[in-house]
Amino acid sequence: MKKTSQWKIPLFKINVSPSDVKSVTNVIKRGTDWADGKEITQLEKELSKYIGCKYCLVFNSGTSAGHAVLIASGLQNKQVMIPSLTFISTANWVLMAGAHPKFIDIEEQTLGLDPIRIEEKITKTTKAIIPVHYAGLPCKINEIKKIARENKITLIEDAAESIGATVGKKKVGTFGEASIFSFAANKVLTSGEGGAVLTNSKKLFEKLKLLRSHGRLIKENYFSSIQKPNYVTLGYNWRMSSLTAALGISQLKKLDKIIKMRQKNAAFISSRLEKFPQIITPISPDGYEHIYQMYTIRLATNKMRDDLKNHLLAKRIFSKVYFEPIHLTPFYRKKFNFKEGDLPVTEQISQQILT
């Protein structure tokens with residue numbers, strides 16, 4: 001496989017500016033508080049304001065953030081509904097928290113969980129739903145929220161790919177009890193690695209603080225505190241560094257600008273591809289704003305998709321399939337005896353999509 005530098009057109013480029021370099025350099029030069037510095041709380045406050053939630057905690061990855069939410073939500077031995085067309089973390093969180101994944105088929109308009117299928121598959125053990133806002137386009141979150149509320153089911157948004165996306169005037173991440181964001185290298189807002197949890201629940205927020213840092217109850221910077229540590233529960237080291245947070249703050253300041261650049265690029269590509277009847281370009285439902293974390297098209301057949309992918313790669317234009325269905329990966333297929341045909345819409349679309 002070619003290195004990124006060899007691609008004529010890479011899949012994505014990180015928007016780097018002097019302010020990014022300055023932000024990180026300032027933390028390095030002060031020679032202290034590289035961990036648990038003031039940048040952590042600043043980033044959390046700014047993310048809370050941007051998304052529109054009361055509380056925010058940043059983590060060292062979106063995967064850690066999701067793992068923490070699943071543990072804090074007390075879902076052990078409970079059923080959690082998730083899509084299969086998503087990054088592997090969505091399913092892994094469920095298993096790592098001791099819960100049981102229930103894969104639900106998707107709908108074709110947003111490539112998110114199908115509300116009709118959710119209602120059909122709810123059981124007495126279903127205690128949570130984790131819808132995914134695929135590629136930067138919100139799923140049918142209002143419909144899913146209504147189902148969750150009527151059935152007293154916890155709603156946790158996997159918004160890893162969709163910071164800044166909106167339904168009406170509401171940003172994704174404000175519909176459920178908690179939402180999970182990722183700041184990995186290919187995300188619209190990136191700090192290289194990192195993640196965050198947004199919530200309006202103080203109870204959940206306090207649980208997450210303990211889980212993030214060894215189960216330690218402390219209000220001061222651990223690395224400069226003389227207080228005796230008070231470990232009150234099992235916890236992990238899922239903290240974000242001050243360096244990472246500084247970069248996140250700088251990137252957040254230009255997030256709306258970056259989103260507009262992505263939307264402009266997507267409109268340009270769509271205007272060129274729409275003349276080909278074999279290609280379905282991404283279209284947002286009325287009132288939905290797509291931030292284009294990924295630009296994903298669909299082709300009429302699997303062979304046509306693969307032929308196009310190989311043609312682009314030969315021209316040094318990066319293209320990739322996001323995602324292969326999780327339920328058909330070797331681990332999940334073997335563990336739960338999944339087979340082809342279990343999720344027909346998911347499986348058909350996964351054979352057609354190309355990013």
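This is a predicted model: local features need pLDDT of at least 70, side-chain atom pairs count only at pLDDT 80 or more; totals for chains, interfaces and linings use all residues.
**View 1. A three-stranded open sheet.** The strands follow the order E10-E12-E13, and their pairing is antiparallel. Because strand E10 (279-280) and strand E13 (353-354) stand at the edges with a single partner strand each, one side of each is left without a neighbour in the sheet. Strand E12 (residues 297-299) is joined to E13 by two bridges, and Ile297 has Leu354 in E13 as its bridge partner.

**View 2. Helix H2 and the residue that follows.** Helix H2 (residues 38-51) has 14 residues, which at 1.5 Å a residue should span 20 Å, and this agrees with its end C-alpha atoms, which are 20 Å apart. The buried residues of H2 include Ile40, Leu43, Leu47, Tyr50 and Ile51, together with Glu39 and Glu44. Just after the helix, Gly52 takes a positive phi of about 105 degrees. The charged end of Lys171 sits over the ring of Tyr50, 4.6 Å from the ring centre.

View 3. Phe103 lies in strand E3 (residues 100-103) and Phe338 in the loop between helix H11 (330-336) and helix H12 (344-350), 235 residues apart. Both of these phenylalanines are buried.

View 4. The ring centres of Tyr332 and Phe336 are 6.1 Å apart and their planes lie at 15 degrees, so the pair is stacked. Tyr332 is buried, with a relative accessible area of 1%, whereas Phe336, at 28% relative accessibility, counts as partly exposed. The charged end of Lys335 sits over the ring of Phe336, 5.8 Å from its centre.

Conventions: Residues are numbered from 1 along each chain as its sequence is written. Side-chain values use heavy atoms; hydrogens and water are left out. Two strands pair if DSSP finds at least two bridges between them. Helices (H or I, at least four residues) and strands (E, at least two) are DSSP runs, numbered from the N terminus. The expected span of a helix is 1.5 Å times one less than its number of residues. Buried means under 20% relative accessible area, exposed over 50%, partly exposed in between (1.4 Å probe, protein chains only). Rings of Phe, Tyr and Trp (its six-membered ring) pair if their centres lie within 6.5 Å; planes under 30 degrees apart count as stacked, over 60 as edge-to-face and the rest as tilted. A charge sits over a ring if NZ of Lys or CZ of Arg is within 6 Å of the ring centre and within 35 degrees of the ring normal.
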